[in-house]
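Student: I have a structure open and would like to learn how to read its features one by one. Could you take me through it?

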Amino acid sequence: MMGEKGLQAVIFDLDGTLLDSMHVWEQVDQRFLRENRILPPAGISDRLKTMGIREAAAFFISEFALDMTPEQVIARIENLAAEEYRLRIPLKPGVLEVLDGLDARHIPYCIATATYDSLVEAALERLGIRHRFRFVLTCSQVGSTKAKPDIYLECARRLGHASREILVAEDALHAIETANSAGFFTFGVYEPTAAADWQRIREISGGWGMELTELLQYFI
């Protein structure tokens, strides 16, 4: 089935879009710094949110003069977040309704995320929805952050549709800007931790919603 504006597929972000997990990363950032005897600066999570995993590790090392390798930083942060993904992080409201609605309309969908591969798999398997996605693609697998369109373009290639035929659902302003620049139809999802960007997200997105379920209107 083809949706409004010729939309035929969906690329979902994970954290803040499908999973109610953004608060976890703020806590992890602060825990990591405190265990290294560093008082977390105000706004540190905002500075990190556009960075990829390796970029964030390099930032921690240079900014706070840590005597650690990037691999050690990456492994420690992954470990700090792992329990939350394995045991506790829930879906955001409406996710199952949206997936059911897309399935009923025969619309394929996938995930494009900057999160650690192991954490993605752990959460999706626990929540019982991993099998529903055509595939999951991470920034680490692609080799670039969401500041560049590589991950979205690779998703489009795998889905077999042009960017103009794909809705990208994201909660982060920088990711929406990137997807827009590559010709995708963007749908901004409200996320409380990104409330300061919400007005701008509404201005530049093709569509937006306080609830994820509102994206189904584009696939009537």
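Tutor: Gladly! Let us begin with a cut-off: a residue is buried under 20% relative accessible area, exposed over 50%, and partly exposed in between. Keep in mind too that this is a predicted model.

Student: How many salt bridges does the structure hold?

Tutor: There are 14 salt bridges in the structure. One of them brings together the side chains of Arg47 and Glu63, at 3.4 Å from N to O. That pair links distant parts of the chain, with Arg47 in helix α2 (residues 44-48) and Glu63 in helix α3 (residues 53-64), 16 residues apart. Arg47 is partly exposed at 44% relative accessibility, and Glu63 is partly exposed at 41%.

Student: Which residue forms a salt bridge with Arg132?

Tutor: Asp103 does, and the closest N and O atoms of this pair are 2.7 Å apart. Asp103 has a relative accessible area of 35%, so Asp103 is partly exposed. Salt bridges can share partners as well: Asp13, Lys146 and Glu170 are joined into one network that way.

Student: Let us turn to strands. How should I read the side chains there?

Tutor: The general idea is that side chains in a regular strand alternate between the two faces of the sheet. Take strand β2 (residues 109-113): Tyr109, Ile111 and Thr113 point one way, and Cys110 and Ala112 point the other way.

Student: Are those residues of β2 buried or exposed?

Tutor: They are all buried; with five of its five residues buried, β2 is mostly covered.

Student: Which strands pair with β2?

Tutor: Strand β1 (residues 9-12) runs parallel to β2 and is joined to it by three bridges. In that pairing, Phe12 stands opposite Ile111. Strand β3 (residues 136-138) also pairs with β2 in the parallel sense, over three bridges, and here Ala112 stands opposite Leu137. To follow the chain from β2 to β3, look at helix α6 (residues 117-127): β2, α6 and β3 make a right-handed β-α-β unit.

Student: Which residues lie nearest the centre of the largest pocket?

Tutor: Met22, Trp25, Leu48, Lys49 and Met51 do, out of 33 lining residues. Helix α1 gives the largest share of the lining, four residues. By class, this lining has 15 nonpolar, eight polar and ten charged residues.

Student: What volume does the second largest pocket have?

Tutor: About 210 Å³. Its lining includes Gly52, Ile53, Ala114 and Ser140, and the largest share, three residues, comes from α3. The classes here are four nonpolar, five polar and two charged residues.

Notes
Residues are numbered from 1 along each chain as its sequence is written. This is a predicted model: local features need pLDDT of at least 70, side-chain atom pairs count only at pLDDT 80 or more; totals for chains, interfaces and linings use all residues. Side-chain values use heavy atoms; hydrogens and water are left out. Buried means under 20% relative accessible area, exposed over 50%, partly exposed in between (1.4 Å probe, protein chains only). Helices (H or I, at least four residues) and strands (E, at least two) are DSSP runs, numbered from the N terminus. Two strands pair if DSSP finds at least two bridges between them. A crossover is right-handed if, with the strands pointing away from the viewer, the path from the first strand over the helix to the second runs clockwise. A salt bridge is a side-chain nitrogen of Lys or Arg within 4 Å of a carboxyl oxygen of Asp or Glu. On a 1 Å grid over the protein atoms alone, a cavity is a set of points where a 1.4 Å probe fits but cannot get out, and a pocket is an open set with protein on both sides within 12 Å along at least five of seven lines; lining residues have an atom within 4 Å of a point. Ala, Val, Leu, Ile, Met, Phe, Trp, Tyr, Cys and Pro count as nonpolar, Asp, Glu, Lys and Arg as charged, and the others, Gly among them, as polar. Grid points are joined across faces, edges and corners, and a volume is the space filled by probe spheres set on the points.
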